[in-house]
Amino acid sequence: MRLQHAIGLTTVAALAATAASAAEHIQLVERALTDATVDLGTPGDSVGDLLTFANPVYDAANKVQLGTDQGYCVRVAVGKSWECFWTLILKEGQVTLEGPFYDQGDSLMAVTGGTGKYAGAKGSMKLHPRDAKGSSYTFTYDLL
């Protein structure tokens, strides 16, 4: 029984080590050059408005363009948040995400899948505004 227990613990430890080594941490900078808001409801900021974008993304130093992102967000709480769906497009594959984008502060979104190197991706992406104008964001992906 002890041998089976030890083998079981060794297997669990090996699986945990494999999962930890398979995790990937990616930090990128988005330059929000194309963000456009479509006023669909009551004039002005209102529930149902649409935010669209297709922007370049750069390495963590904000120097080398590594890909693009594209997607859309629907206004769900006026002056507070949007619900977003988008795709990060890199040479090695794509990563899809969804979740809330807050008007102020950081946002945390769920990674819902991917293609190529990122096939079956899951995890999270933290979005951090780099300035008060909303012209640049740091994206930190923690993929499992």
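**Figure 1. Asp 103 and its salt bridge to Arg 75 in the predicted model.** Asp 103 has a relative accessibility of 28% and therefore counts as partly exposed. Its partner in this view is Arg 75, and the closest N and O atoms of the salt bridge lie 2.9 Å apart. Arg 75 belongs to strand S4 (residues 65–77), whereas Asp 103 sits in the loop between strand S6 (93–102) and S7, so the contact ties together parts of the chain that are 28 residues apart in sequence. Arg 75 has a relative accessibility of 4%, which is under 20%, and therefore counts as buried.

**Figure 2. The salt bridge between Lys 117 and Glu 24.** The structure contains four salt bridges, and one of them brings together the side chains of Lys 117 and Glu 24, with an N to O distance of 3.4 Å. This pair links distant parts of the chain, 93 residues apart: Lys 117 is found in the loop between strand S7 (107–114) and strand S8 (123–129), and Glu 24 in strand S1 (residues 24–31). Lys 117 counts as exposed because its relative accessibility, 52%, is over 50%. Glu 24, at 25% relative accessibility, counts as partly exposed.

**Figure 3. The salt bridge between Lys 126 and Asp 106.** In this contact the closest N and O atoms are 3.4 Å apart. Lys 126 is a residue of strand S8, and Asp 106 lies in the loop between S6 and S7; the pair links distant parts of the chain, 20 residues apart. Lys 126 has a relative accessible area of 40% and is partly exposed. Asp 106 likewise counts as partly exposed, at 34% relative accessibility.

**Figure 4. The aromatic pair of Phe 53 and Trp 86.** In the one shown here, the ring centres of Phe 53 and Trp 86 are 5.1 Å apart and the ring planes meet at 85°, so the arrangement is edge-to-face. Phe 53 comes from strand S3 (residues 50–58) and Trp 86 from strand S5 (residues 81–90), so that distant parts of the chain, 33 residues apart, are linked. Phe 53 counts as buried, with 9% relative accessibility, and Trp 86 is buried as well, with a relative accessible area of 6%. Both residues belong to one aromatic cluster, which also includes Phe 139 and Tyr 141.

**Figure 5. The aromatic pair of Phe 101 and Tyr 137.** The two rings are edge-to-face, with 5.9 Å from centre to centre and 80° between the planes. Phe 101 lies in strand S6 and Tyr 137 in strand S9 (residues 136–143), so the pair ties together parts that are 36 residues apart in sequence. Phe 101 is buried, its relative accessible area being 14%. Tyr 137 is also buried, with a value of 9%.

**Figure 6. The side chain of Arg 31 over the ring of Tyr 58.** This close-up shows a contact between a charge and an aromatic ring. Arg 31 lies over the face of Tyr 58, at a distance of 3.6 Å from the ring centre.

Notes
Residues are numbered from 1 along each chain as its sequence is written. This is a predicted model: local features need pLDDT of at least 70, side-chain atom pairs count only at pLDDT 80 or more; totals for chains, interfaces and linings use all residues. Side-chain values use heavy atoms; hydrogens and water are left out. Helices (H or I, at least four residues) and strands (E, at least two) are DSSP runs, numbered from the N terminus. Buried means under 20% relative accessible area, exposed over 50%, partly exposed in between (1.4 Å probe, protein chains only). Rings of Phe, Tyr and Trp (its six-membered ring) pair if their centres lie within 6.5 Å; planes under 30 degrees apart count as stacked, over 60 as edge-to-face and the rest as tilted. A charge sits over a ring if NZ of Lys or CZ of Arg is within 6 Å of the ring centre and within 35 degrees of the ring normal.
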